[in-house]
Structures are given as structure tokens and as C-alpha cells.
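Visitor: I would like to learn how to read a protein structure, feature by feature. Could you walk me through this one?

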Amino acid sequence: MNIVECDNLSKTYKDASQKALDGVSFSVSDTGIFGLIGRNGAGKTTLVRILATELLPSGGSARVNGLDVVKDAKALRQDIAIVPQEARPIPWMTPRQTVLSYLLWRDLGYRAAKVRADEYLALVGLGGKDNTMNRWLSGGMKRKLMVATVLASEAKIIFLDEPTTGLDPLSRREFWKLLKEICQDHFIFLTTHYLEEAEELASVIGILDQGKMKGVDSLDGLRRVLKYPYSIRLEQSSETEQILQERVSGEILHRGSQLRALTTEDEALALAQLFHDRHQKVWMEPVSLEDIFLHFVHDGEGLI
């Protein structure tokens, strides 16, 4: 059974000039982490809110864990929990009070909620901060608290909408480590505009752009479908760019002080040898998620 399944899902907001979601169809059957990437305004939050039963679609259908997000919304809410993009803990509450109040709101008994709150605060490394005012927690700790709150519900499926936005690099990597542990027992639907985050965490990646799903697959699967699966990277110069333009059948991209050519394996090997013989530093590698994302968002081409 697919964990998430969308069929021609659409959403149009009142007075909007275009659809927030436009005929989105895809399915995810793997457990672990599904990473949804896209630019700001691509429709990521709209999709999450519909799947989490917070927003009604304008058309099409969606099912989560076999339940229709509209017809079976009440039953589905027992199986899911969400940390919205704008979620922040209440400053004058403590972590224990935060988790406890959430569990009581979900109709768990007080004694059980108290035990579970302590258990999950300890799990995310906040056991020693359980009675500290939330206002004194660091940004990373606040994010961990929000995750502990939804984990304590013991929901099977967790939606995290851009959970690491605003975190420093060290806090972000600590958060990644936590998510890797959590996904052993939960399905996590993660939205992010950090491509390295999706590449690091997600077993399946979806690319959403202007309300349309461009592709859904593993990173290796996205590479295989791409016409040009290899990348050549060189320091930028007019002579180097001219050589690439003459010999590359794929795309040539400008990245700061470097040139990057997306090409076939045979062309990449030949170019690597050519520039090596010219005593130029050259990097050959499979295309990154950034390359894949820019290719499909730029060209408007889809994988599915």
C-alpha cells in the first residue's frame, strides 16, 4: 500500500492568478523520509496542508496511509502529526508543558501524557531542559522540542514543513542526525529548500515547481532518467567555455567562478582527458541534486 498517493490534485486560492497546485499526481510507498524540494512559492506548504487535512483541495484526490484526506479526515488525524513551517513553542511555557498540553489536546490521559512527555524530551536530547522556559532555548532546541511534541503523539506519519529554516549549519546537522534516527520507526514527509538536506536525508525525492510535480524518485533514479547524468566542472575562462560549447551536447552552467557542463558519460570521460592533457584542473562526477533541480526547473521538463 502507498503511504502517500495523489491523483490530479489541485488547489486554487481565491483571487489567485494561478493554481497553487496544478494536477499533482504521485505516490510514495517507501518508509523513511520523503523529501519535497522546490523554490519559495512552488506549492510545498499547500501540498503538506492538504495531506495533513488542514486545507481542502480544489480538485483531484489524495490518500495518506490508505485514508482519503477529505472523506476520512477525522480518522486520518489519529495517524498523523505536523510541524508547520511557522510553528514555534510558546515562550512562557516549558518543554514539558508544551508536550504535555499537546498530548492532552489529542485526548491522551494526564498520567500517560506526563510519562510520554518525559520519554520523548529525553529522546531528542532535551531531558535536562524540560523545566526551562522555552524563550531561553536555542533555535536548534526549539526545533527539537517541536519534533518531540509530534513524536510523543506516536503518530505513524509526521509532516515537517521546512523544519531547519533559520538554523545554523551545526544545529542543522544535529537535527539531521535526529531525523535519521526517527525515520527508523516513522514515515517523515519533509519539505525543504535546502537541496543538500534532501540529498542527505531522503530516500525518495519529489521536485515541485509552480504547482506541478516534475519528478519523484530516488536520487539515483532521478540521475538515470536525466539525459545528461554526468557533470564536468572547471575554472571559468572564455577559452574553456568555447571548448565546452564545441564539444558538449548537454547544458553548460555558470556557477560563480566555475563552469559546469552536464553531459553523457562518454563525453565526460573524453573532456576529462582533454583538460587533463592541457594541465587544467577538472572534476568529473555524477550530477548532483542541485544540477537535477536546476535542469528541470529551468527547462520546465518533467520526469513523470
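**Strands, sheets and what surrounds them**

Guide: Strand β1 (residues 4–11) is joined to β2 by five bridges, and the two run antiparallel. For a pair to look up on screen, take Lys11, which stands opposite Leu21 in β2. Please keep in mind that this is a predicted model.

Visitor: In what order do the strands of the open sheet with β1 and β2 lie?

Guide: Four strands form that open sheet, in the order β2-β1-β4-β5, with antiparallel pairing. Its edge strands are β2 (21–28) and β5, each of which pairs on one side only.

Visitor: Why does Leu67 count as partly exposed?

Guide: The relative accessibility of Leu67 is 21%, so Leu67 counts as partly exposed. The cut-off for buried is under 20%.

Visitor: And how does a helix residue such as Thr149 compare with that cut-off: buried or exposed?

Guide: Thr149 belongs to helix α5 (residues 139–151). With a relative accessibility of 5%, Thr149 counts as buried. Outside the four places on either side in sequence, the contacts of Thr149 are Thr98, Val99 and Tyr102.

Visitor: How should I read the two faces of a strand?

Guide: The general idea is that in a regular strand the side chains alternate between the two faces of the sheet. In β13, Gln258, Arg260 and Leu262 point one way, while Leu259, Ala261 and Thr263 point the other way. All of these residues are buried.

Visitor: Why is strand β13 described as largely enclosed?

Guide: Six of the six residues of β13 (residues 258–263) are buried, so the strand is largely enclosed by the rest of the structure.

Visitor: Which strands pair with β13?

Guide: Strand β11 (residues 230–235) is joined to β13 by six bridges, and these two run antiparallel. Here Tyr230 has Thr263 as its bridge partner. Strand β12 (residues 251–255) also pairs with β13 in the antiparallel sense, over five bridges. In that pairing, His254 is partnered by Leu259.

Visitor: What is found between β12 and β13?

Guide: The hairpin of β12 and β13 has two residues between the strands, and in this hairpin Gly256 takes a positive phi near 60 degrees.

Visitor: Now let's zoom out. How many domains does the assignment give, and where are they?

Guide: The domain assignment gives domain 1 (4–223) and domain 2 (227–286). Their C-alpha centres lie 39 Å apart.

Visitor: What about the protein as a whole?

Guide: The protein has eleven helices and 14 strands. Along the principal axes, its C-alpha atoms fill a box of roughly 70 × 45 × 35 Å. Of its 304 residues, 50% count as buried. Among contacts between residues at least 6 apart in sequence, 69% join residues at least 24 apart.

Methods: Residues numbered from 1 in each chain as written. Predicted model: local features only at pLDDT ≥ 70, side-chain atom pairs only at ≥ 80, totals over all residues. Heavy atoms only, no water. Buried < 20%, exposed > 50% of the residue type's maximum accessible area, 1.4 Å probe, protein only. Pairing = 2+ DSSP bridges. Domains from an automatic or database assignment. Contact = heavy atoms within 4.5 Å.
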